[in-house]
Amino acid sequence: MRRALMAVGGVAMAALVAIGVGCGSSGGSDTATTTTVGAAAEAIIKACTGKIGVIAPFAGTEATDAIQMNWARVSLDNFNRDHGTDFRVEPMDSSRGTAQVKAAARALAANEDVVGVVGPQTSNEVLAAGPIMDAAKLAYVSPSATNVSLTDGSLKGFYRVVANDSVQAPAIGRLAVDDLKGKKVVILDDADPYATGLADGVEQYVAKAGVPVTRQRISADATDYSDVITKVPADADVVVLSLSSADAGQRIVKQMNAKGREPSFIGGDALFVIERFNPVGAYVTSFTPDLRNARAGEDVVRLYKAVFGELAPFGGPAFSAMQVLATAALRTCKDGRASREGVWEALPTTKIQESVLGQDIEFTKDHELKNGRFYVYRIGPDDYQFVN
Amino acid sequence: MHSWWNVSLAVILGVAAIVAGITAWRGTVLNGHAVENFTLSTQSTNNANTLAQDAERTINTQRTLYLDYQQAVDAGDAKLAAMAYSMMDTGTRSAIEWWDEQPTGNRPPTPFSSANPGWPAPSLVIDARSTLDEAEAQLELANDELAKSHSLELLAALLTITFLAGGLSGVFQSESAKRALVAASGGTLVVCLIALVFMW
């Protein structure tokens with residue numbers, strides 16, 4: 001009897017101890033914090049200074065000119081707020097061509113406070129400015145340069161947070177052949193390396209699918225495309241606009257429609273500027289998702305609108321490029337200062353989980369975005385409609 | 001055997017009383033936290049709204065003063081230009097100074113551009129929105145604690161079944177009925193204990 005009493009008493013005590021442990025293990029106000037910086041970084045001095053260059057257009061008067069600059073700035077100020085850092089933007093305008101971009105790269109390379117660069121914007125600009133920044137061991141992350149050859153190993157400091165044209169070309173090919181059931185495809189390209197590279201990939205895909213495909217070179221600066229339109233077969237039902245100029249694409253579509261020609265039009269990502277290329281019903285691809293489709297993206301779109309008073313839901317890559325550079329800088333901060341060498345070393349292994357792009361930002365050994373993809377949109381009356 | 005059941009019943013009822021007390025205490029604590037967090041979130045929301053209004057007012061004032069200043073400079077009115085400049089805050093002056101120093105080819109259309117490191121508007125807006133996000137998080141926490149508190153109150157009510165079943169076991173003469181009621185009492189207590197741990 002006594003043993004039974006002791007056993008029961010023991011069980012009761014064990015129950016009370018379990019309740020006591022429960023009391024102690026959880027507090028009343030649990031606050032969850034998330035951070036995209038690794039645990040090792042939390043041990044680093046919280047305040048960290050440095051400059052991050054941005055090579056993007058901002059000297060023009062069009063609102064669309066400064067979107068990448070705007071997004072990079074929002075990203076940096078947001079990062080500073082979240083991490084207690086004091087990184088500053090070092091802006092360099094690129095609205096006047098590759099000569100200006102080269103000068104910008106030289107200026108940034110010479111400024112020892114600059115620890116990394118967002119940009120340049122286009123593949124041509126990367127080719128022009130890359131060797132200058134490589135020589136200075138200044139890492140640069142492009143939010144929009146998609147030419148495949150940029151990551152052939154010749155540009156050591158180049159990274160990108162978007163998929164390249166080897167992903168875009170099949171996406172356009174699939175749309176033309178599989179979705180739109182094109183019977184005869186015409187590809188129009190201009191002399192820009194981006195345009196010809198993309199056109200090569202699309203032509204390859206369509207030809208492999210057994211669909212007749214022809215190609216024509218146009219001039220992006222021409223205003224009258226009558227001679228080009230005459231050479232487009234009358235029975236061509238899909239026209240791919242592999243062009244570097246959205247204005248040229250708009251002109252071609254208008255002129256073709258005016259002559260009673262109404263094939264399905266597919267534009268490459270350079271035409272993803274709704275203010276300049278907006279024929280209703282046309283398709284266009286982009287390396288950037290609509291940020292409104294992801295929770296994290298939705299928040300920053302609202303933030304952007306609060307700062308700039310307009311909606312710009314397709315600026316995610318510039319935000320992510322800045323974020324990954326700032327993260328690499330913070331990871332390697334010493335004595336309150338970020339360093340160029342630190343960013344150069346840290347960038348290959350820097351990772352952003354659940355970025356505003358709706359995926360993790362992580363680089364392959366070739367400095368490409370892991371699992372990057374292109375998105376297909378259809379142009380509606382006043383916005384893009386996500387297709388695939 | 002008979003005394004074994006009595007002892008078990010006594011232990012069950014004893015533990016049930018303790019658990020009931022702890023459940024009630026925890027429910028009250030969470031209720032209190034919820035009220036505290038509701039109050040804090042209201043305060044944070046007010047702070048966030050104030051910050052947002054201040055940011056908007058600062059941005060508009062910066063632009064207006066700059067326009068007045070630039071018009072005065074263009075018109076050659078040094079006195080008016082100086083007056084407008086003197087009314088500017090350090091952020092506006094810093095933005096204008098940076099803009100003035102830029103070569104024409106590398107200068108945005110106005111000093112109030114994201115390219116201007118001295119333009120403070122983005123960080124003002126971000127601060128306001130961060131405060132609002134904190135307020136929303138506090139509100140969510142308060143709602144969560146209130147829901148837990150209500151669940152614990154329900155649990156305390158369910159514990160009365162333990163007492164009822166245990167008490168009834170003393171009324172019936174049949175051994176099987178007694179066992180069944182003691183088992184029901186014990187079973188309810190175990191379920192409530194597990195629920196208490198999860199809901200803590």
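Me: In which sense do strand β1 (residues 49–55) of chain A and strand β3 (residues 114–118) of chain A pair, and over how many bridges?

Reply: Strands of a sheet pair through backbone hydrogen bonds, either parallel or antiparallel. Here β1(A) and β3(A) pair in the parallel sense over four bridges; two strands pair if DSSP finds at least two bridges between them, and the elements are DSSP runs numbered from the N terminus (helices H or I, at least four residues; strands E, at least two). In β3(A), Val117(A) is the bridge partner of Gly53(A). This is a predicted model, in which local features need pLDDT of at least 70 and side-chain atom pairs count only at pLDDT 80 or more, while totals for chains, interfaces and linings use all residues. Residues are numbered from 1 along each chain as its sequence is written, chains are lettered from A and ligands numbered from 1 in the order in which they are written.

Me: In what order do the five strands of the open sheet in chain A lie?

Reply: The order is β2-β1-β3-β4-β5, with parallel pairing, and the edge strands, each paired on one side only, are β2 and β5 (158–160) of chain A. Neighbouring strands are turned by 25 degrees against each other on average, direction ignored; angles run from 0 to 180 degrees between N-to-C directions, and axes are lines fitted to C-alpha atoms, for helices over the stretch in contact.

Me: How do helix α4 (residues 121–168) and helix α5 (residues 175–199) of chain B cross?

Reply: Their axes come within 8 Å and cross at roughly 165 degrees. By class, their contact has 15 nonpolar, five polar and one charged residues, where Ala, Val, Leu, Ile, Met, Phe, Trp, Tyr, Cys and Pro count as nonpolar, Asp, Glu, Lys and Arg as charged, and the others, Gly among them, as polar.

Me: How many residues of chain A are in contact with chain B, and which element gives the most?

Reply: Contact means that C-beta atoms, placed from the backbone, lie within 7 Å; by that criterion, 32 residues of chain A are in contact with 33 residues of chain B. The elements giving two or more residues to this side of chain A are α1 (2–25), α3 (67–83), β2 (86–92) and α10 (295–308), and α1(A) gives the most, with eight. The residues on this side divide into 19 nonpolar, seven polar and six charged.

Me: What scores does the model have?

Reply: The model scores ipTM 0.71 and pTM 0.76.

Note on methods
Two residues are in contact if their C-beta atoms, placed from the backbone, lie within 7 Å.
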